[in-house]
Amino acid sequence: MNGVKRQWYDGMAHSEDWWAVWLGLIMFFAGLLSIAGIDIVGWQAKPSTWSEFAKAAKPAGKAWAGLGMWGSIFVTYCVWTVLTCIGAYFMRLDVKKFFYGWTCLFVITWAVWLIGREAHLAAPVNQFEKYGLGWGLSLGGGASYILALGVGLIIGNLIKPFAAFIKEACKPEWFIKTAIVYLGIKVGLMSMKAAGFAFEIALAGACATVVAYLLFWPIIYTMARKMFCLPREWAAVFCSGISICGVSAAIATGGAIRAKPIIAVMVSMLVVVYAMVELIVLPGFYSTVAPDQPIVNGAAMGMTVKTDGADAAAGAILDELMRANAAGRGINWEADWILTAAVMTKIWIDMFIGVWAFLLALIWVYKVERQPGQSTVGASEIWFRFPKFVLGYVFCWFSYTAIAVIWPQVIDAASIGANTVQSPMRTMFFMITFVAMGSITDFSKLRGMGRLALLYAVALVVIIAPIAYFVAWVFHRGMVPPLAS
Amino acid sequence: MKSDMDMVIVHDGEKWIASNEDLVVEGRTLPELDACLARALRETGRYSGPKVTVFMGFDFNTIPSWIRQYGSHYFNRYVHVEV
């Protein structure tokens, strides 16, 4: 029963979700060794804004400075190729195809990353003099993200044979979940400086998520049934897909109500394509319309953009665009708080899907398709649907917070390893996610989706986006990230 | 929950199919599948108790591979069959 989950530990070696935890924890513990004075993660290549190409990247750790730019990129490739290929082997992917695809993804990612950090594209206005610039776009790290996404979309829509060639390695959910585990380290480090603010974002995110859930689902379900005349099963799966956490929710709901799997598959195709549209449109829109509401924008993004990959990607672009915008007005917000607001809201949504699917399963089995005494639903279904990468995220977050509280004298040493893992490693996985996500997004799949595609567009524009923004505004208004030191 | 019998369930686009090494049953809906299962179990005469608990785990490997990164579980169900 290979594809069946029965024991609580089933899937630990074979699912992308668990492998995000394993990759996350490997580097988490490797980074912690800096407490003992050993930097074994400093080989990771780290790009920076450049006007001379020779300074475009360097090893993250001082102890590894001898590697230089190309040496560190090569070691980064070797280490991550080995680790991801081991993961691919256990996930029963075709390792040979994965290796070729991963290598292409890595090369494309680093090429666009380095190009995107060129000073004319990335340098903020207040650093033009430092780089000798007469003009610039001041996009910060956002330039690399936008380029990566653009290149991915070109591959996915215009160079389809190449997209098929790298498809085995295009696992944006795996990559982004790994990055989110590393973000847990970042949130832990940020909590050391601003614990109250971090917990305020988490708490407000939880409240906002519950409120949004209670509004989105019933409104869109009613709309799907009454206005678009969708059958009950289609309406429920569609509703969860667009209202909750995208593909995961569509699968969870489809399973919970025992819908034919094709329903979840069709809805998933829509979710993936629309998530890309949201990712392209919303960061620029929010940062232009509400430049002084960074955390509201981040949280609204978390509630609106479906799939973890697209949400984290949109949050990362929003973070860069809003900080670049604020820098132009002389305000230097600390990096990643806006991204954290987007991801934290999404994580609450992800965690709740197991419970929601369980409730739906009970309603379906005991009310809708009632057959007394015949079929039962196990509570283990909640665990099977729980997003496991959240465990890695929370573990990393609380571990660093605990270190700060219990063992404050080692914070500086711990930060050496942590800063490598939470910054260049995490950003690299964000970048790879962008390229991979673009490569698997084929807009032509919208063809033939008819009223389902129309309903998605209407629900997104008329219900989800406005309500998400309103709820985010109610719970997060006035919150701004701490100023960068 | 303990079961007397384990089966793997899939959907082939038209009907649900539950199977193990000894038995294959089909139905266009789950109630139809359960009825078919009850008939098949009665015919085998292998189970003597009043009720048989059957575990059905959906084979997630039948879901398209590109979706599997977003989720790894469809559903499990326990069916109580009166034999």
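Start by selecting H17(A): 24 of its 29 residues are buried, so this helix is largely enclosed by the rest of the structure. Buried here means that 20 or more other C-beta atoms lie within 10 Å of the residue's own, against 12 or fewer for exposed and partly exposed in between, with C-beta atoms placed from the backbone. Helices are DSSP runs of H or I with at least four residues, strands are runs of E with at least two, and both are numbered from the N terminus.

A word on ground rules before moving on. This is a predicted model, where local features need pLDDT of at least 70, side-chain atom pairs count only at pLDDT 80 or more, and totals for chains, interfaces and linings use all residues. Residues are numbered from 1 along each chain as its sequence is written, while chains are lettered from A and ligands numbered from 1 in the order in which they are written.

Stay on H17(A) and pick out residues 411–439 of chain A.

Next, zoom out to the whole of chain A. You'll find 18 helices and three strands, and the C-alpha atoms fill a box of roughly 70 × 50 × 50 Å along the principal axes. Of the 485 residues, 55% are buried.

Where do you look for the residues that touch the most other members of the largest nonpolar core? Select Ala313(A), Ala314(A), Ala342(A) and Ala472(A), out of 185 residues in that core. The largest share of this core, 21 residues, comes from helix H8 (residues 172–226) of chain A. Such a core is a set of buried Ala, Val, Leu, Ile, Met, Phe, Trp, Tyr and Cys residues joined through C-beta atoms within 7 Å.

Keep Ala314(A) selected and show what surrounds it. Beyond neighbours within four places in sequence, its contacts include Glu278(A), Leu282(A), Pro283(A), Met301(A) and Ala342(A); a contact means C-beta atoms, placed from the backbone, within 7 Å.

Then hop to Gly309(A), in helix H13 (residues 308–328) of chain A. With 32 C-beta neighbours inside 10 Å, Gly309(A) counts as buried. Leaving out residues up to four places away in sequence, Gly309(A) touches Pro172(A), Glu173(A), Ile176(A), Thr433(A) and Met437(A).

Now for the partner. Chain B has one helix and five strands, in the order β-β-β-α-β-β from the N terminus. Its C-alpha trace spans about 45 × 30 × 20 Å along its principal axes, and 37% of its 83 residues are buried.

Last stop: show both chains and select the contact, with 36 residues from chain A and 29 residues from chain B. On the side of chain A that touches chain B, H10(A) gives the largest share, seven residues. The predictor gives the complex an ipTM of 0.90 and a pTM of 0.86.

Note on methods. Contact = placed C-beta atoms within 7 Å.
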